[in-house]
Amino acid sequence: MPFRRVYSLSKQNPKSKYRKEPAKVTGRAAEGSVAKVETPEKKSFIKERTPEEKQKEHRDGIIKTIVAAVLGTIAGVICFRLYGTGEDRQWYAILMIVIGLTYFIQKFIYPQINIDIKEFKFKDWFYVEFIILDFFLVTWTLLLN
């Protein structure tokens, strides 16, 4: 008799509580009372963008990144000039000041360079502020060293 490997995990135990039992059907069920319910198909209204719109969105994304990087670098230099090592200040207060000021500066800069800020969502603002904080902290750290 050859050796046979048995995988007990792949077989379902007949007394398993996870085994689904078929529903019991009674003889009194009325066939006409059950109506067939059709679910309406969900139509997705995804707007197809033209190549010009895609190119404009790509260009705007690059401009947003460049503006955020420049603002972060300027904030890092200003913070180094004002606070030096920042030992006498609380670091989270400085971060909140940078976030607040750059947010309002961007609200004035973007309309000047023809970027509609009304189309910005939370994700967009989070992205540009994250870039600003990254450049701010990297610039300040490099200047401290």
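**Helix packing and pockets**

The axes of helix H2 (residues 91-112) and helix H3 (residues 122-144) come within 10 Å and cross at roughly 125°. This is a predicted model, so everything here is read from computed coordinates. With angles over 145 degrees counted as roughly antiparallel and 65 to 115 as roughly perpendicular, H2 and H3 are therefore oblique to each other. The crossing of H2 past H3 is right-handed. On the H2 side, the contact is made by Ile94, Leu95, Val98, Ile99, Thr102, Tyr103, Gln106, Lys107 and Tyr110. Facing them in H3 are Trp125, Val128, Glu129, Ile132, Leu133, Phe136, Leu137 and Trp140. Sorted by class, the residues of this H2 and H3 contact come out as 13 nonpolar, 2 polar and 2 charged.

H2 also packs against H1, here at an angle of about 140° and with the axes 11 Å apart. That angle makes H1 oblique to H2, and H1 passes H2 in a right-handed crossing. From H1 (51-83), the residues in the contact are Lys64, Val67, Ala68, Leu71, Ala75, Cys79 and Tyr83. H2 answers with Ile94, Val98, Thr102, Ile105, Gln106, Ile109 and Tyr110. The tally for the contact of H1 with H2 is 11 nonpolar, 2 polar and 1 charged. Some H2 residues turn up in both contacts: Ile94, Val98, Thr102, Gln106 and Tyr110 are among those that meet H3 and among those that meet H1.

The largest pocket has a volume of about 460 Å³. Its lining takes in 15 residues, with Glu57, Asp60, Lys64, Glu119 and Asp124 lying nearest the centre. H1 and H3 are the elements that give two or more residues to this lining, and the largest share, 7 residues, comes from H1. By class, the lining of the largest pocket has 10 charged residues, along with 3 nonpolar and 2 polar. Lys64, one of the residues nearest the centre of this pocket, also belongs to the contact of H1 with H2.

The second largest pocket has a volume of about 250 Å³. It is lined by 13 residues, and those nearest its centre are Ala75, Ile78, Ile97, Val98 and Leu101. Here the elements giving two or more residues to the lining are H1 and H2, with H1 again giving the most, at 7 residues. The lining of the second largest pocket has 12 nonpolar residues, 1 polar and no charged ones. Two of the residues nearest its centre, Ala75 and Val98, are also part of the contact between H1 and H2.

Definitions and conventions: Residues are numbered from 1 along each chain as its sequence is written. This is a predicted model: local features need pLDDT of at least 70, side-chain atom pairs count only at pLDDT 80 or more; totals for chains, interfaces and linings use all residues. Side-chain values use heavy atoms; hydrogens and water are left out. Axes are lines fitted to C-alpha atoms, for helices over the stretch in contact, and angles run from 0 to 180 degrees between N-to-C directions. Helices (H or I, at least four residues) and strands (E, at least two) are DSSP runs, numbered from the N terminus. Angles under 35 degrees count as roughly parallel, over 145 as roughly antiparallel, 65 to 115 as roughly perpendicular and the rest as oblique. A crossing is left-handed if the near helix is turned anticlockwise from the far one by less than a right angle, and right-handed if clockwise. Contact means heavy atoms within 4.5 Å. Ala, Val, Leu, Ile, Met, Phe, Trp, Tyr, Cys and Pro count as nonpolar, Asp, Glu, Lys and Arg as charged, and the others, Gly among them, as polar. On a 1 Å grid over the protein atoms alone, a cavity is a set of points where a 1.4 Å probe fits but cannot get out, and a pocket is an open set with protein on both sides within 12 Å along at least five of seven lines; lining residues have an atom within 4 Å of a point. Grid points are joined across faces, edges and corners, and a volume is the space filled by probe spheres set on the points.
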